[in-house]
Amino acid sequence: MALSLTKNKRRESDKGENEENVPAKREKRDDMRLGSHLDQPVDSNSIHEVIKYIPSPLPGKYYDPDTTEPVIFGLQTLEELLSWSEVNPFYVAAVPLVPREPPLDGCKHRTLVSHDMMGGYLDDRFIQGTYAESPYAFYHWQYIDIFNYFTHNMVTIPPAMWTNAAHKHGVLVLGTFITEWEDGSVACETFLKDEESYRAVADKLVQICYFYGFDGWLINIENTLSEIAVQNTPLFLRYLTDQMHQKVSGSLVLWYDSVTENGRLQWQNELNPSNRVFFSACDGFFTNYNWTEQSLESMRDYSEVQDRQADIYVGALEVIRKYNFSAALFAPGWVYEALDRAEFRKNQDNFVLSAGSGLFCQVTSTSIRLSSPLPFVSSFCQGFGSSFYCRGQREDKRSWFNLTAQEIQPLYYYEQQDWSGLVEEPRLPRGRLEWWLLTHAGRTHPRCMRLSQSVPSVCLPTLFLLRQQLLP
């Protein structure tokens with residue numbers, strides 16, 4: 001009972017204290033409410049809203065001056081490279097590299113496409129895509145392993161839409177670091193003068209690659225080098241390659257055939273003792289395009305090549321396959337530049353088909369397969385079109401371009417097919433697995449197709465043959 005009485009007294013005491021403090025607390029709450037917009041007179045016919053304007057933290061060059069849309073661009077000078085810092089992640093590629101089977105290092109023959117067209121950063125510079133009547137696009141990803149975005153900026157950062165499209169198909173994307181002419185010589189003498197300087201440049205290249213989500217670099221020194229600079233070039237390459245391998249899994253650093261070990265700008269058109277030191281310091285060698293078959297024979301017999309034939313990229317197809325080298329296609333966009341752009345799709349398909357067995361053996365000899373979750377779904381969108389559809393209904397009739405919207409592409413087979421009936425293709429996957437695929441055949445009427453054991457092949461007006469294989 002005493003304990004209960006004590007508790008009651010304590011409660012009464014607390015209650016008295018609380019009652020004494022009520023006016024003070026109420027006054028305090030009133031002071032806090034002075035700035036509230038709820039205390040202001042409200043007009044029942046209007047809506048009050050506070051709008052705050054926060055200026056963009058990025059300079060104006062990150063936006064197109066005509067449309068104000070966000071854009072990507074290259075770096076022009078060494079000073080820009082060394083002062084680069086991370087920007088808004090909005091500019092970063094969002095699609096990770098999809099695994100391929102076999103992996104790149106297990107491919108006997110590889111195919112690299114170097115995209116050099118009209119100075120670069122055209123319709124593809126728009127981060128969110130753009131409206132374009134006749135844009136350039138690439139969609140024959142099943143035939144290549146590496147895509148290099150090339151311009152004559154000192155540092156070429158691949159637009160995110162290219163990286164997104166390539167990664168969906170298991171294709172690596174390389175940026176470009178190039179120095180040329182007198183300005184290039186000055187830049188090289190600056191950053192190749194000592195270890196601290198070339199490491200600073202290499203570190204920035206690694207940071208840029210890691211931040212933007214692509215997979216490596218093509219290094220192209222197109223100017224003469226002093227004795228000190230040329231001695232430090234292999235060290236720069238080795239340091240860059242090692243750092244890239246540590247920071248970016250599966251990355252590549254390739255050297256373009258340009259200067260020789262004595263610092264002279266003398267394209268060799270082959271790998272030989274004059275440039276082997278650069279090949280030994282990185283992942284691969286891209287020969288200049290004035291090669292001959294004698295050059296291929298010489299490289300095949302060169303002791304420094306040993307088991308690295310696949311690391312040598314030559315601008316040919318059927319011929320170089322005889323020598324177990326990899327292929328490098330430079331500037332295939334000429335079909336867009338030189339021919340009727342309204343017929344671009346037709347011209348590009350014909351170009352790929354005319355490339356012959358040298359290109360197609362890339363698929364047939366290695367049976368490249370993408371790791372894809374089930375169920376497998378693709379609209380075969382090529383990243384451009386003349387209309388927008390939603391649930392099968394056209395929402396807007398306007399030409400557009402955005403490679404990020406590109407989806408898994410089929411294998412465009414090179415044999416002429418008879419469209420009067422289905423063509424038997426025994427290499428299609430068998431079993432009880434069924435794929436439901438949506439495609440805009442002819443880009444006019446959306447259609448669906450179903451692949452199953454009972455349908456061994458597919459025939460559509462714009463589809464040569466689908467041979468998409470999945471990992472078990």
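Visitor: What is the volume of the second largest pocket?

Guide: The second largest pocket has a volume of about 350 Å³. A pocket here is an open set of points on a 1 Å grid over the protein atoms alone, where a 1.4 Å probe fits and protein lies on both sides within 12 Å along at least five of seven lines; lining residues have an atom within 4 Å of a point. Its volume is the space filled by probe spheres set on the points, which are joined across faces, edges and corners. The model is predicted: local features need pLDDT of at least 70 and side-chain atom pairs pLDDT 80 or more, while totals for chains, interfaces and linings use all residues. Residues are numbered from 1 along each chain as its sequence is written, and side-chain values use heavy atoms, without hydrogens or water.

The lining comprises 21 residues, of which H152, E180, N220, E222 and W267 are the closest to the centre of the pocket. Two or more lining residues come from each of β5 (172-180), α4 (181-191) and β6 (216-222); these elements are DSSP runs numbered from the N terminus, helices being H or I of at least four residues and strands E of at least two. Strand β6 gives the most, with 3 residues. By class, the lining has 10 nonpolar, 8 polar and 3 charged residues, where Ala, Val, Leu, Ile, Met, Phe, Trp, Tyr, Cys and Pro count as nonpolar, Asp, Glu, Lys and Arg as charged, and the others as polar.

The largest nonpolar core has 87 residues, and V155, F177, I208, Y212, W217, I219 and F236 touch the most other members. Such a core joins buried Ala, Val, Leu, Ile, Met, Phe, Trp, Tyr and Cys residues through side-chain atoms within 4.5 Å; buried means under 20% relative accessible area with a 1.4 Å probe on protein chains only, exposed over 50%. Helix α5 (195-212) gives the most to this core, with 9 residues. Domain 1 (60-370) and domain 2 (377-411 + 434-455), with bounds from an automatic or database assignment, both contribute residues, so the core lies between them.

Strand β2 (111-115) is largely enclosed by the rest of the structure, because 5 of its 5 residues are buried. T111, V113 and H115 cover one face, L112 and S114 the other. In parallel, 4 bridges join β2 to β10 (326-330), where F330 is the bridge partner of S114. Another parallel neighbour, β3 (146-149), is joined to β2 by 4 bridges, with H115 opposite Y149; pairing requires at least two DSSP bridges.
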